[in-house]
Amino acid sequence: MREIWALATKDLRLLVRDKGGLFFTFFFPILYAVFFGTIFASMSGGGGSGTKIIVIDEDRSEASASFAASLEAESQFIVTPMEDRAAAQEIVRKGGQTAFVVIPEGFGDASIFQGEPMELVLGVDPSKAAEAGLIQGLVTAKAYERLQDLFLDPDIARDMAQDSIASIDDSDLNPAQKLIFKTFLNSLDTFLVQAPEAGVFGGDDAADSEGDGGPAFNPVSIQSVELVGDEGPSPYAIAFPQGIIWGIMGCAAGFGISLVTERNRGTLTRLRTAPMGRSRVLLGKGLACFLTTVGVSTVLLVLLTAVFGVTPSSVPLLLVAVLSVAVCFVGIMMLLSTLGRTEAAAGGIGWAAMIVMAMLGGGMMPLAFMKGWMITLSHLSPVKWSILAMEGAIWRDFGPADMLLPCLVLMTVGIAGFVVGSKMFDWTEH
Amino acid sequence: MITLDTISKRFGSITAVDGLSLAIEPGEVFGLLGPNGAGKSTTIAMTVGLLSPDSGTVRIDGGDPVDAAVRASLGVAPQSLAIYDEMTARENLVFFGSIYGLDGATRTRRADELLELVGLTDRARDRVKGFSGGMKRRVNLACALVHDPRVVLLDEPTAGVDPQSRHAIFEIVRELQDQGRTIVYTTHYMEEAQKLCSRVGVIDKGNLLALDSVDGLICEHGGESVVRIERAEGEERVQTAEPLAVLQRAAREREHDGRAGRSARSGDSLSESHRPEPQGLSGTSPERALGREQRHSRACARGS
C-alpha cells in the first residue's frame, strides 16, 4: 500500500505543478458552475421539443379526456398517462420525466360564468428551468383552446349559462348583483339560441377572429407544485453538479494523458522494474485520479454551501454519490489512457469521448432539446447518472433506495472500465 | 550471477533477440555492445523481467526476474530519461526510494548520498526540467541506485550527454564497480566499453557475434589499425599498431611543409596542397569495429 500511496502522491504533486491542469481541474468547474448558475437564476423560459410529461386525469370526464388528448396531440410533448399523482410526482422529482400535469376532479364541471376557472396542477423538474416556462405556456394554451371550444359550441355554452342562472339564487350575491347576472345570463342564453341560426358560429374564421378583449377574468388556473422544498432548489444547486462533472472529466482526461506520457517517456517502464506488480502501478494512478476527483467535488461542494448557501439534503448520500462518481471516472480514465499512442492522440480522443458523454448526459444542453433516440442513449452516459446522483443528494431529496440505481451504474462503469482499461493498457504495451 | 540461456524474442516478423546466451559473473562490469536496433534494450528488458522471452530462460542469482525479491536487487537506468521533470532531483530520488519500500530516513539518506555521488548536491532542490541533458542522465542513473541494488543495468547511460557528464558517469560506474556491484552496460561506443568493461558481448540483429574482454576482441578480431592520409599526390594507407603516432607524424609533416611553402612564396597554395589530411583511424571506430566483428563472425561460421 505504501508504494501505491507513493505513486499517488507523486501524481498529485505533478498535478499541482502543472498550472494549466490545475486550472482546468479546479477553477474551470467553479467558473462553469457560477456562470450557468447565474444564467439559470435569471432564466425565464426556453424552448424545446419532445419534452416528456406525465398526464394524470383525475376527473375522468369527457372534458378532461378531451383536454388530455389535446396535450397528447401537442408535438412538443411526449405524454405518458398515469393514474397516481403521487407516483408521477416522485418520478418527476427523481428526474425520470420533465413534468406532470394533473387534471383534477371537477375539471369538466367548472363554469367560468360562475367564476370557476378550469383548474390544472403542474409540477416541473426544478433542474429543467429552460423547459418550465415552455411547459406552462403550452399547457395554458391548450386550456384556452378548450375554452375557445366551449364558446364555439353553443350547446355547451347554453348548458353552462343555464346552470349558472339556476345557481344564482343560491349564491351569496346581493339582490342587485343577482339581478344584473340574471339579466346578463338570460341575454347570453337568448344570444346562444339566436346566434347559430344567424350563422354567428358558422365557420373556422370565427374561431380565428380576434375580439376586442373583454373584462379581465382568468378562466384557467394552473397551480404549480414545488417538488423540492418551498421555493425549489437554488439555481446554483442545479449548476454545481454539472460544474463538478466537468472538473472530474478534466481530471480523468488529465490522468489518462499522464499515463500515456509515462509510457512514452519510459517512467512507466522504470516503475514496472520495481518489485511491485503492474496492477499496483495502475492502482497508484487510479488512486491519484480518485483523490483528485474527490478533491474537486469537495472544493465545489464547500463553495456551494459556504458561498451560495445551499445545504445538501443528505450529506451521507452526497458522500456516496461523490465516491461513486469518482470510481466511475477512474475507470473511464483507464479506458481513455488506452485510446491513443501519443499524448496528443490520447488527449484529443479523450476529450472527444468526454464531450460526447457530456452531450448525451445532459451536461451541455437540456435533454429536452434532443431527439427521442438520443434521450434513450443518454442512459448510456455516465454523465447523466453522475449528475442525477449528485442532484439526488443535494436537492432531489433522494433516499438510499433512490440512490441505489445511479450509484450502482456508476460503480459498475468504474470497475468495468478499470478492469478492461488495465487489460487494454497491458495489450497496447505489447 | 546473471544467466541468459538461449533467449529469443520476436515482435511480429522481426526477431529482436535470437537465441542469446550469456553468463555474467558477480562484480563484473559487462558491456553489451552493438549498433542501434541490435537488440540490446530488448535483452535488458528480458533480463529485468519487463518482457518475457519467447523461448529460453533468464536467471538472476538463480531466481526469476519476475519475482519481487529478485527485482528488488536490480537497479535499472533505462535509455530514455525515466525521471519526472516537474519534480526536483531530490524528490525524484525520494519517490523512487519509496516505491522500493525504503523508509523515510533511509530514503533521505540515500538521496543525499546519491546526489553527492552524481555531483548534484547543490541542485538537489531544483526541478529537473531546468537541468542539462547530462545532469538529467546523472539523475536517471542515481534513481537506479537509490535502493542499493546488487545488480545495475545501465542502458546507454551516456546517450546525448556532454563530455563533462560523460566523464562523471564513467567515474560513477567505476565507483559502483569498486563497491562490488554487478553492472551490465549497453553502449554503441567501443571506447566506453574499453574504458569500463571487463568483458564485452558484441550483439547485432539479436545475435551474439563475439564475447571476450575488449583487449581480447581487438586482438582477435581487430588486428592493426589502418590510417588513411590524403595527400595531393594521392591517398596513403598505413597499417599500424600505433595509429596515434602515425597521425602525429603526418601532422608534423604538414606543419613542416606549410612553413617551407610560406618561406619560399608567401601565399603559395602549393604548400597547402601538400598538407596531409588524416581521415581517422580505421578499425577503432565502433561502427568499423562492429562491421569487422560481423565479417569475422561470418568467416568463422563459413570456416566451421
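1. Polar contacts across the interface. Between chain B and chain A of this predicted model, 8 residue pairs are in polar contact, with both residues of each pair at pLDDT 80 or more; a polar contact is a pair of N or O atoms within 3.5 Å, where within protein one atom must be able to donate a hydrogen and the other to accept it, and residues adjacent in sequence count only if both atoms are side-chain atoms. On the side of chain B that touches chain A, at least two residues each come from α2 (68-72), β5 (74-77), α3 (89-99) and α5 (133-145) of chain B, helices being DSSP runs of H or I of at least four residues and strands runs of E of at least two, numbered from the N terminus. The largest share, 5 residues, belongs to α3(B).

2. Salt bridges. The rule (a side-chain nitrogen of Lys or Arg within 4 Å of a carboxyl oxygen of Asp or Glu) finds 2 salt bridges across the interface of chain B and chain A. One of them joins Arg265(A) to Asp85(B), with the closest N and O atoms 3.1 Å apart.

3. Extent of the interface. Taking contact as heavy atoms within 4.5 Å, 31 residues of chain B and 21 residues of chain A take part. The buried area, that is the accessible area (1.4 Å probe) lost on putting the two parts together and summed over both, is about 2400 Å², and carbon and sulfur atoms give 58% of this area. Leu50(B), Tyr84(B) and Ile99(B) supply 27% of what chain B buries against chain A, more than any other three residues.

4. Cavities. There are 2 cavities of 30 Å³ or more, a cavity being a set of points on a 1 Å grid over the protein atoms alone where a 1.4 Å probe fits but cannot get out, with lining residues having an atom within 4 Å of a point. The largest holds about 50 Å³, and its lining includes Ile2(B), Leu22(B) and Val184(B); α1(B) gives the largest share of that lining, 3 residues. The second largest cavity holds about 40 Å³, and among the residues lining it are Lys10(A), Asp11(A), Glu262(A) and Lys285(A).

5. Conventions. Residues are numbered from 1 along each chain as its sequence is written, and chains are lettered from A and ligands numbered from 1 in the order in which they are written. Local features need pLDDT of at least 70 and side-chain atom pairs count only at pLDDT 80 or more, whereas totals for chains, interfaces and linings use all residues, and side-chain values use heavy atoms, with hydrogens and water left out.

How values were computed. 1 Å grid on protein atoms, 1.4 Å probe; cavity = no way out; pocket = protein on both sides within 12 Å on 5 of 7 lines; lining within 4 Å. Points joined across faces, edges and corners; volume = space filled by probe spheres on them.
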